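Look over the sequence and the structure first.

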Amino acid sequence: MKNSKKTLLQKAVILGLVASAISFQACKKSFLNVAPAGNQSATQFWKTQDDATKAVNAMYANLREWKNIAFAPIAVESMGSDDAEKGSSPTDATFMNNFHNFTVTAGEGQVSDFWAGQYQTINFANQILGNVPGITMDQGLKARYLAEAKFIRAYAYFRLVRAFGDVPLRLSLPKNASDYNLPRTAKAQVWAAIESDLNDAASVLPQSYASADIGHATKGAALALHAKAALYQKKWTDVVTYTTQVMGLGYSLYPDYEQLFRTTHKNNQESIFEVQCMLVPNNPDASNSQYSQVQGVRGSTGGGWGFNVPTADLAAAYETGDPRRDATIIFRGETTPEGDKIPADGDNPMYNQKSYVPFSLYVSGFNEGCQQNKIVLRYADVLLMNAEANNELGNSAPALASLELVRARARAGNAAILPKVTVTGQADLRAAIYKERRVEFAMEFDRYFDVIRQGRGAAVFGSRGWKAGKNEVWPVPQNEIDISGGTLTQNPGY
């Protein structure tokens, strides 16, 4: 590997040329319905509107691929949190503990997988952006496809920059050998590229789709992700601007917090962007999401492997009577609202209920929970981003109003719990918003990075070995540095 002249980024480009030529069902079919075979030569591809549709479908299908939705994201985006720990059996996948204890090294495979997964996503998007403009096709559809590719590229870079800081910025397909081995780009430039892509996407994407295209990126998704990018940069005025725009697009909070995450309520009125997953009858290979499987209740038929489990610290973080606690955590020995009896013994006292799929939906021969979507952006996040930004700007009234909407949904009409937050001092309201983000989005892969961007890493994670000046980011994969011949550099402390 070290003697290779190609980085994994280059290999991902080559892979994408093949992968994006895989035959997917036509425009009127869901991009979940992957044809079981039918590879098409790249030299014959990028000719027709149908080719463009296949490429876009392949880009979305890639989002539920193992490196994008399973072990690597759990390691990089969840394990550092105080909300989650490894789970499963004590001896299974012990490398996950290195992320929780901040002893991970640059040679860890999950770091490498996460890096490669995001660049594979970027390559799918760049293939579309580099080739679809030359296709003679419906101009409106062409513009939409390019906007969707920019959104997906921005999403992948968002995940990369918050995980690693400076990363190579590839915004076009390589034209010659010198284009493959890119150095790291300063994170400020990466954020600027993310925002540029999202501006372009929001100007083109529709607010909604007909049923055949549900799950494709929308205007609201581009604006919400832009707000989140601005949040990480503390660009408070921009956060208010973009969240306010999303708040005018017709989204609302789903009334039942627990049911929000069930497969029967996918893409509901709170959903802004979800990775689409389903069980495709007679096609296990197309039903390939393992998001729910790796986190499912261990030892139960229809459950899963039992990784990424809630901590006792999370269970104790909720206010008395907060229904979100039982909607987020499956406790050993309980019966779920869907009627599944959880064994009273086993390796783990708790499991992630947000990734849970009722055991009755399991089909032998398929991944457990393969029909469960991964929610990326939802309206509650927009409201709490709006609350946080308004508070930082000294606007306590709108901050409290947005915060109350989230608490009122959780309260579900029970006036005896979750009283209105009434503090107006900036520091006290900030603490209330931070706490609300934790319990509202627990086990949704945001808590770790939230704490870091809030400047509280040492205070919250320090007892587990987190060190300022190092653990704000993860290590750049050593194999990428090696095969780049030193063009890539390592983050401090690794």
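How many salt bridges does the count come to? The model is a predicted one, and the count comes to 37 salt bridges.

## Charged pairs

Side chains of opposite charge can pair when their charged atoms come close. Take aspartate 197 and arginine 153. Their side chains meet in a salt bridge, at 2.8 Å from N to O. Aspartate 197 sits in helix H8 (residues 187–204) and arginine 153 in helix H7 (residues 139–164), so the pair ties together parts 44 residues apart in sequence. Both aspartate 197 and arginine 153 are buried.

Arginine 262 pairs with glutamate 258, with the closest N and O atoms 2.7 Å apart. Arginine 262 is buried at 3% relative accessible area. Glutamate 258 is buried too, at 10%. In another salt bridge, arginine 411 meets glutamate 404, and here the closest N and O atoms are 2.9 Å apart. Arginine 411 is buried at 13%, and glutamate 404 is buried at 16%.

## A network

Some charged residues are linked in a network of salt bridges. Among them are Glu270, Asp322, Lys354, Arg378 and Glu444. Arg407 and Arg409 also belong to this network.

## Cysteines

The structure holds zero disulfides. Cysteine 277 is in no disulfide, and the nearest cysteine sulfur belongs to cysteine 370. A disulfide needs the two sulfur atoms within 2.5 Å.

Are these cysteines buried or exposed? Cysteine 277 is buried, at 1% relative accessibility. Cysteine 370 is buried as well, with a relative accessible area of 0%.

Conventions
Residues numbered from 1 in each chain as written. Predicted model: local features only at pLDDT ≥ 70, side-chain atom pairs only at ≥ 80, totals over all residues. Heavy atoms only, no water. Buried < 20%, exposed > 50% of the residue type's maximum accessible area, 1.4 Å probe, protein only. Salt bridge = Lys/Arg side-chain N within 4 Å of Asp/Glu carboxyl O. Helix = DSSP H or I, 4+ residues; strand = E, 2+ residues; numbered from the N terminus.
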